[in-house]
Protein chains: 2
Amino acid sequence: MAEVKSDIEIARAASPRPIQEIGEKLAIPPESLVPFGHDKAKLSADYISSINGRPDGKLILVTAISPTPAGEGKTTTTVGLGDGLNRIGKKAAICIREPSLGPCFGMKGGAAGGGYAQVIPMEDINLHFTGDFHAITSANNLLSAMVDNHVYWGNGLEFDMRRIVWRRVMDMNDRALREIVCSLGGVSNGFPREGGFDITVASEVMAILCLATDREDLRRRLGNIVVGYRRDRSPVTAREIKADGAMTVLLDQALQPNLVQTLENNPAFIHGGPFANIAHGCNSVIATKTALKLADYVVTEAGFGADLGAEKFFDIKCRKAGLHPDAAVIVATIRAIKHHGGVAKEDLNTENLEALDKGLANLGRHLRNVAKFGVPAVVGINRFLSDTEAEIQAVKDYCAEFGVEAVLCEHWAKGSAGVEELAHKVAALADDGHAQFRTLYEDSMPLWDKLRTVCREIYGAEDAIGDKKVRQQFADYEAAGYGHFPICVAKTQYSFSTDPNLKGAPSDHVVPVREARLSAGAEFIVAICGEIMTMPGLPRTPAAEHIGLDENGEIVGLF
Amino acid sequence: MAEVKSDIEIARAASPRPIQEIGEKLAIPPESLVPFGHDKAKLSADYISSINGRPDGKLILVTAISPTPAGEGKTTTTVGLGDGLNRIGKKAAICIREPSLGPCFGMKGGAAGGGYAQVIPMEDINLHFTGDFHAITSANNLLSAMVDNHVYWGNGLEFDMRRIVWRRVMDMNDRALREIVCSLGGVSNGFPREGGFDITVASEVMAILCLATDREDLRRRLGNIVVGYRRDRSPVTAREIKADGAMTVLLDQALQPNLVQTLENNPAFIHGGPFANIAHGCNSVIATKTALKLADYVVTEAGFGADLGAEKFFDIKCRKAGLHPDAAVIVATIRAIKHHGGVAKEDLNTENLEALDKGLANLGRHLRNVAKFGVPAVVGINRFLSDTEAEIQAVKDYCAEFGVEAVLCEHWAKGSAGVEELAHKVAALADDGHAQFRTLYEDSMPLWDKLRTVCREIYGAEDAIGDKKVRQQFADYEAAGYGHFPICVAKTQYSFSTDPNLKGAPSDHVVPVREARLSAGAEFIVAICGEIMTMPGLPRTPAAEHIGLDENGEIVGLF
């Protein structure tokens, strides 16, 4: 432990190559890269269209056990595996989400991997990057302004003012904006009403951008957004407000995927970042599809654990985009497994085979779940110094019972050199062609049954429950023609149940559904199970207080 | 009139050169340009520091008579003159403001010049451009979030909740946000209070970014922002909130000037765009100073007419930045002069020498005013087809009485070929070295006397008046140590008086001051004289309703 460097030290010691050279690795002509600085670029829309007919590479999903405070390292594994595949001679690219700006000023830390498995330039990626989130904020809020403006000038569409459901957004942790009354101050400012702001990543526009297959699909989905209801409960859409065209214009550049590089100068697409609770939590369809045309192996990531992240990746993103994943990596740490077995955070460095055995139930259920989608898996054990040989062997033995290999990964400390074995196994698994991807349920299944299927098959719950009002919402959405949408469950990521303290693999619990929400543009029904915060607050001492520039113009305090 | 092309048609028919080639014209090494796409770039901070010791080129201000609905063409003249100077063999660059995003969705039309005197890429410039305004929005709103968060966690700085004066901003025309009550919804969301949003260009952060000379000065000014007051009326600053460092980080890239090109491939810096009423209405000091190191002639622009725009350019920007303008161009049109003489908009195409003569009083006062700053001027008559020879001669004769030349300009129709004469005259005027720039008043003059001096000397007013409360505000600011700040008058741009309908050159009017506001970071005192709207609304049929992408991905409806 003599000289453990911080993420930012490692990132600043890297030797980034001009982004055109990174593009060259994927045979992207330099003129098809729209540069943002010397180390970031967007792929031009024309170029993306031009490669549409090419065959697809293999798609590999990185997911994880249920997250714990011990940390799993899903993003580092995604980055490390991408580097590892390149190291063993494969043409591989990674696809991950863009981080949100707001949270950077709350808690210290960014989202660009860590150790020797990072994407760079990490400061840019965590701050304004290429402006995608700002564009989403603008598009979301233009729609809001046009809704209130419509009401101001006579309300020709007959909005019920109490049922305007479209909220404004800001990429900031600002609890003061969660609930507001707007349009105060008299006649010239409109009709006072209750409203509020979410953080930008929670905007339906974000989910739409990430699921849209092209400009036309983007505009169609934006137009379908339901912004409010009339007194007779009929919906009013963004298309009726005539906002879809201008929103598309604001989002046109944001729709193009961003190319950056890993510390080892391998190509990384970072594009879109929807919430993983009220939305599907995956990078954009366009980025994944484009990467599949350019690389032989594409390593991508889904939010939270496999119960939420992988399920939504399969049942929402892959279903909608026609993607067929070839292999999955389930990331786990010995520490996190022991935590699921009941070990307190401060005792995780001590060998505890009994707790490990107990906690493995969590991993086991995720393995069973992923198999239900027909996708072969391998377990990546993200190694910590405190892991003992006996513990590692116990995990390997456990996984073997499922016919799954568990592989030690040391990308955090060693970069691609630490993940060669995983790279070989994953490549072999993907090349085998054993994947027979299927979604968990058909489009035609009734909405409530879809929800029950997820709760029973994936969460190990006895059932889903909801009061009459909630059940009626599901029925109403079906009657309104949204019955073919998939379900997007918003619940705690820390447990298979809705109780974040129920670690391991709880069974026979019930999932209470508090509310259903329609995302008519993103094309899914959100089932809210528990408290979901769509606008975070800042802590008592925000990280922002210590962020600044040093005498060389380098950022301090951000990481 | 057979084939008058629209601005957007002309812009799309242009042949843009790679931005590196435009930089080359100013001998900027390509590695010092931070590209945003192929046709936009920022100058790197290191490069800007490196040229600090070079001698300055000549600074030319383009200003105008009091604006009328007839239009004057100040930006087109700025762009045209820049092209004209290049055409006659001078090394010239232009410096103009960045347009605001929000208004594009209200009324049709952008702000990038027009006809054959435009800057490109006009769509980008009018939409997200290089993200500067988004960065300003983020920095402004981070400060807001930190203020409310501070109160939430105990209010250690003892804000009087009723006296939090820092408002949030959004780059959107959204009247519903003008006045809000925030922090509703109970204990976890904070303490309800009144607040509101301005449009981003009205943020003090915008004024600060445009007046800051470097990163350190930026941080110092941000720290000085007064965000609210305690019950004892003592101010609380952004520095006490510890937001200045993180705000500086968010603004670091935005502080670097943007380089684009004119239709004739000449260099144009477009950077910053503060309101011209509650702020000083000029592009950034950094852009102007940098351009002066790189070009022999720099043509820049100030907002509104010369009474507001040029006065603030001289008394705020030049005073603070140590700039010494060498010449001024006062733009006028025959039509606008006739409008000042009482001709209705629909009759402006008819020769009317009597009205012209009457309206020339407006131009005359602006000529006298500019002379008070010791800057030699030339009048640019922005030609319209309806102008008659007799009318043109009358304007020339009138100007000659002031010892000023009036030159016909046809850049709108002919590009640089239409503005050669003006270019020669301006270059000669600037080269003459006759300019003896001086501000209108000294820093040491009492605040109220500064205001009276502007009202009397520039507006031709008998006096400024204000009730006891307003006068007390001026006295309080002096007592608090802000007495050395210049005054920034916020009043209608349509008249020398505070009545927008008083055309020509009204005299003996009084200027009622309604309110004084402190911009402690921007370092001026705003005197509010009349209704000033800091958050516009959308019209009944917003332009946004007709904006979209055509089948080729080109924007329609924006211009």
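This report describes how two chains meet in a predicted model, and then some local features of the chains.

**How the copies are related**

Two copies of a chain are related by a rotation about an axis and a shift along it. Here, chain A is superposed on chain B by a rotation of 180 degrees with 0.0 Å of shift along the axis, and the RMSD is 0.0 Å. That is the relation of a two-fold axis. The residue of chain A that comes closest to this rotation axis is A:Phe36, whose C-alpha is at 2.3 Å. Of the interface residues of chain A, 100% are also interface residues in chain B, so the copies meet through the same surface.

**The interface**

In terms of contacts, 65 residues of chain A touch 65 residues of chain B. The size of an interface is often given as the accessible area lost when the parts come together. Between chain A and chain B this buried area is about 5500 Å², and carbon and sulfur atoms give 64% of it. Three residues, A:Trp153, A:Arg175 and A:Val249, supply 11% of the area that chain A buries against chain B, more than any other three residues.

Polar contacts also cross the interface: the rule finds 29 residue pairs, both members at pLDDT 80 or more. On the side of chain A that touches chain B, the elements giving two or more residues include strand 1 (33–35), strand 8 (168–170), helix 8 (215–224) and strand 25 (548–549) of chain A. Helix 6 of chain A gives the most, with ten residues. Sorted by class, this side of chain A has 34 nonpolar, 18 polar and 13 charged residues.

**Salt bridges**

Side chains of opposite charge can pair when their charged atoms come close. Over all chains the structure holds 71 salt bridges, and the rule finds three across the interface of chain A and chain B. The table gives two salt bridges by name.

| Residue pair | N to O distance |
|---|---|
| B:Asp174 and A:Arg168 | 2.9 Å |
| A:Arg230 and A:Glu240 | 2.9 Å |

The pair of A:Arg230 and A:Glu240 links distant parts of the chain, ten residues apart. A:Arg230 is in strand 12 (residues 226–230) of chain A, while A:Glu240 is in the loop between strand 13 (235–237) and helix 9 of chain A.

**An annotated site**

An unreviewed UniProt entry carries the annotation "binding site" for A:Thr68, A:Pro69, A:Ala70, A:Gly71, A:Glu72, A:Gly73, A:Lys74 and A:Thr75. Within this group, A:Pro69 lies in the loop between strand 3 (58–64) and helix 4 (74–87) of chain A. A:Gly71 also lies in the loop between strand 3 and helix 4 of chain A. Apart from its neighbours within four places in sequence, A:Pro69 is in contact with A:His339 and A:Lys345.

**Backbone details**

In chain A, the peptide bond from A:Ile120 to A:Pro121 is cis, with omega near 0 degrees. A:Pro121 is placed in the loop between strand 6 (117–120) and helix 5 (122–126) of chain A. In chain B, the bond from B:Ile120 to B:Pro121 is cis, with omega near 5 degrees, and B:Pro121 is in the loop between strand 6 (117–120) and helix 5 (122–126) of chain B.

A:Ser183 is not a glycine, yet its phi is positive, at about 60 degrees. A:Ser183 is found in the loop between strand 9 and strand 10 (193–195) of chain A.

Methods
Residues numbered from 1 in each chain as written. Chains lettered and ligands numbered in written order. Predicted model: local features only at pLDDT ≥ 70, side-chain atom pairs only at ≥ 80, totals over all residues. Heavy atoms only, no water. Contact = heavy atoms within 4.5 Å. Buried area = accessible area lost by both parts, 1.4 Å probe. Salt bridge = Lys/Arg side-chain N within 4 Å of Asp/Glu carboxyl O. Polar contact = N/O pair within 3.5 Å; in protein donor to acceptor, adjacent residues only side chain to side chain. Helix = DSSP H or I, 4+ residues; strand = E, 2+ residues; numbered from the N terminus. Nonpolar A, V, L, I, M, F, W, Y, C, P; charged D, E, K, R; others polar. Least-squares fit on C-alpha atoms with pLDDT ≥ 70 in both. UniProt positions renumbered as here; feature names shortened; annotations may be inferred.
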